[in-house]
Amino acid sequence: MTEGKFNVAIIGLGFGTQFIPIYIRDPRVNMYAICRRSEQELNLIGDTFGVEKRYTDYYELLADPDVDYVHINTPIKTHGSMSIAALKAGKHVMCTVPMSISVDECRQIVELVQQTGLKYMMAETVLYSREYFYVNELYENGELGKLQFLQGSHHQDMDGWPDAWPGLPPMYYSTHCISPCLAIAQSEAEYVSCFGSGSIRADLAAIYGSPFAVETSHIKLRDSDLTARVYRSLFDTARQYRESFDVFGTKKTIEWPLIEGDGFVLHTAKMPQEETAEKIKVPDYAHLLPEEIQVFTTKTFLELDEYKHLATDGADPDGTHSHLVTDPGSLEGHGGSHPHLVNEFISALIEDRDPYPDAVFSANITCAGILSHESALKGGKRIQLPDFTLS
């Protein structure tokens, strides 16, 4: 720690760059170090935000005794191994989704957290989005009544994306639509049964051995009469980008808009047909945050006075500033979730408690997706979640 503040190191400076200004403004944390393989890009970002400690080698960063925790935002194939390495080096870990694309790596992370007492959190944006806060508030206030059914979907055309994305099995990257279904019911996945549908191009299918254009999983919730349906597509399927979840209750049901920006639809039981549905504008939940970082629920860092010049100077001949905005979706703040994720992890460290979602629940969410793909390859065979994913 530095002067009573936790020292954070961010690894991966595409999406990860969006968190630097949040950490800079949060008085409980010191934006201590950044890590990227490209030294030129590392220095561009370090100079832009005034971060002095810089690493091109992750393992050198882990050897730095002043690093309290790492915030991992690297390509998805590396999430498991980098989290494991950090825990073994004595560092707390916050890692972007998914936890891993390997059930065994998820197990190792859970076991290391149990053995060391270190904190691990999968930084699931949906669970800290204004949309999730709103639906959860309705449920906790009794407005939805008894939960009857849950549904999630995530559609995204990832043609041309780099790194591990080409040919990725849809359910390997399904935490955004599995997590809200489990969390709203305060439950875990017990077993899954999943079917694949359609096919993607042969060159893509060959990379992971995954032929399906769409995968649809039914997830049985543990100790519950509830089942969730989750469906996911990545390639060769015409659909606007959409991360969604629907919650059906006895009193009210709330559904994600079919077209982004249209507004949630809230259905009320026992009303005349023409009056049963209304469109809802979901409120913001910045008031749950420390004042210093509330602005980030609705503004990107490029809209703040100290960074506005980056938005206008982004068209440099060499395109250097484009590295600050490599993930357009992240500039929208994923439902205002970014500062909430930071706040939750720092609060957990200060209060010496497990963050949400902790290692076990993160493993349950992630393995539900991994095993759903395995089920699809086996024609829908029912597959139990392993014991280490159950609390």
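This is a predicted model: local features need pLDDT of at least 70, side-chain atom pairs count only at pLDDT 80 or more; totals for chains, interfaces and linings use all residues.
**Entry 1**

Strand 2 (residues 29-35) runs parallel to strand 3, and three bridges join them. Both belong to an open sheet of six strands, paired in parallel and ordered 3-2-1-4-5-6. Strand 3 (53-55) and strand 6 are the edge strands, each with pairing on one side only.

**Entry 1: helix 4**

How many of the ten residues of helix 4 are buried? I found eight, so helix 4 (residues 79-88) is largely enclosed by the rest of the structure. My list of the buried ones reads His79, Gly80, Met82, Ser83, Ile84, Ala85, Ala86 and Leu87. I then checked what they pack against: the strands are strand 1 (6-11), strand 4 (69-72), strand 5 (92-96) and strand 6 (120-123). The helices on that list are helix 3 (58-62) and helix 5 (103-116). Just past the end of helix 4, I noted glycine 90 with a positive phi of about 85°.

A general reminder first: in soluble globular proteins, nonpolar side chains tend to be buried together. In this model, the largest nonpolar core has 127 residues. Helix 12 (residues 359-377) gives the most to this core, with ten residues. Tyr23, Tyr58 and Val70 have the most contacts inside the core. I picked tyrosine 23 and listed its contacts, leaving aside neighbours within four places in sequence. They are Val8, Ile10, Val29, Met31, Tyr69, His71, Met94, Val342 and Ile346.

**Entry 2: aromatic rings**

My search of the whole structure turned up 17 aromatic pairs. One of them joins phenylalanine 15 and phenylalanine 19, edge-to-face, with 5.3 Å between centres and 75° between planes. Phenylalanine 15 is buried because its relative accessible area, 15%, is under 20%. Phenylalanine 19 is buried too, at 1%.

Next I looked at tyrosine 132 and phenylalanine 245, whose ring centres are 6.1 Å apart. Their planes stand at 50°, so I logged the pair as tilted. Which parts does this pair tie together? Tyrosine 132 lies in helix 6 (residues 130-140) and phenylalanine 245 in strand 11 (residues 242-249), so the pair links parts 113 residues apart in sequence. Both residues are buried. I also found that Tyr132 and Phe245 form one aromatic cluster with Trp256 and Phe264.

One more ring went into the notebook: the charged end of arginine 382 sits over tyrosine 191, 4.1 Å from the ring centre.

**Entry 3: serine 174**

Is serine 174 buried or exposed? I put it down as buried, because its relative accessibility is 1%. Serine 174 is placed in the loop between strand 7 (147-155) and helix 7 (175-184). Not counting residues up to four places away in sequence, serine 174 touches Arg232 and Gly369. I then compared positions with threonine 366, 192 residues away along the chain. The C-alpha atoms of serine 174 and threonine 366 are separated by 7.6 Å.

Note on methods. Residues are numbered from 1 along each chain as its sequence is written. Side-chain values use heavy atoms; hydrogens and water are left out. Rings of Phe, Tyr and Trp (its six-membered ring) pair if their centres lie within 6.5 Å; planes under 30 degrees apart count as stacked, over 60 as edge-to-face and the rest as tilted. Buried means under 20% relative accessible area, exposed over 50%, partly exposed in between (1.4 Å probe, protein chains only). Helices (H or I, at least four residues) and strands (E, at least two) are DSSP runs, numbered from the N terminus. A charge sits over a ring if NZ of Lys or CZ of Arg is within 6 Å of the ring centre and within 35 degrees of the ring normal. Contact means heavy atoms within 4.5 Å. Two strands pair if DSSP finds at least two bridges between them. A nonpolar core is a set of buried Ala, Val, Leu, Ile, Met, Phe, Trp, Tyr and Cys residues joined through side-chain atoms within 4.5 Å.
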